Amino acid sequence: MSTELVPLALLMGLATYPFRAIPLLASGFERLPQGVRLYLRLVGPAILAALAAVNTMVVVDLARRPSFHLGPEWLAVGLCIAVVAARRSLLIGLVLAAALIAAIRALGLAPIG
């Protein structure tokens, strides 16, 4: 297991946590305009979605060259988007997407990693 990405994870936590903690820490948050509150609540999920998209779309070879990847992970992404749109539940969408890709990998239809 590589610890190469730990500093990036810490940096992303420092970048996203304050936006997620504002409602808890700032008195009067509920008095902000609705658009501002919605924006602040969506910053964390948007950053996480961007990180997940890169992990789905980009593969780095042994020479550290990135390339576009089209694989079974896209099925899981599509399922997650469909479930979230239909059920309005990110948790259900993520669990079903993870279960789908786990099943595909368990059947040997997609490599792990």
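Serine 89 lies in the loop that joins helix α3 (73-87) to helix α4 (90-106); helices (H or I, at least four residues) and strands (E, at least two) are DSSP runs, numbered from the N terminus. The model is predicted, and local features need pLDDT of at least 70, side-chain atom pairs count only at pLDDT 80 or more, and totals for chains, interfaces and linings use all residues. Residues are numbered from 1 along each chain as its sequence is written, and side-chain values use heavy atoms, with hydrogens and water left out.

The protein chain contains four helices and two strands, arranged along the sequence in the pattern α-α-β-β-α-α. The average pLDDT (the predictor's confidence in each residue, from 0 to 100) is 82 for the protein chain, and 88% of the residues score at least 70. Among the elements, helix α1 (residues 6-25) has the lowest mean pLDDT, 77, while α4 has the highest, 90. Of the 113 residues, 18% count as buried, where buried means under 20% relative accessible area, exposed over 50%, and partly exposed in between (1.4 Å probe, protein chains only). The chain exposes about 8700 Å², of which carbon and sulfur atoms supply 73%; accessible areas come from the Shrake-Rupley method with a 1.4 Å probe, and for residues only the protein chains shown count as cover. Contact means heavy atoms within 4.5 Å. Among contacts between residues at least 6 apart in sequence, 27% join residues at least 24 apart.

Helix α3 has 15 residues and reaches 21 Å from its first C-alpha to its last, close to the 21 Å expected at 1.5 Å a residue; the expected span is 1.5 Å times one less than the number of residues. Glu73, Ala76, Cys80 and Val83 are buried in α3. Seen down the axis of α3, these residues fall within an arc of 90°, so they line one face of the helix; the arc is that of the directions from the helix axis to the C-beta atoms. Leu75, Ile81 and Ala86 are exposed on the other side of α3. The cover over the buried residues of α3 includes α2 (34-57) and α4.

Valine 83, a residue of α3, counts as buried because its relative accessibility is 11%. Not counting residues up to four places away in sequence, valine 83 touches Arg88, Ser89, Ile92, Gly93 and Leu96. The C-alpha atoms of valine 83 and leucine 94, eleven residues apart along the chain, are separated by 8.7 Å.

Just after α3, arginine 88 takes a positive phi of about 60°. Serine 89 has a relative accessibility of 18% and therefore counts as buried. The side chain of serine 89 reaches the backbone nitrogen of isoleucine 92 at 3.3 Å. With neighbours within four places in sequence left aside, serine 89 is in contact with Val83 and Val84.

Helix α4 has 17 residues and reaches 24 Å from its first C-alpha to its last, close to the 24 Å expected at 1.5 Å a residue. Its buried residues are Gly93, Ala97, Ile101 and Ile104. They cover an arc of only 60° around the axis, which puts them on the same side of α4. The buried residues of α4 pack against α3, whereas the face turned away from the buried side carries the exposed residues Leu91, Val95 and Ala106. Glycine 108, which follows α4, has a positive phi, near 80°.

Technical notes: A polar contact is a pair of N or O atoms within 3.5 Å; within protein, one must be able to donate a hydrogen and the other to accept it, and residues adjacent in sequence count only if both atoms are side-chain atoms.
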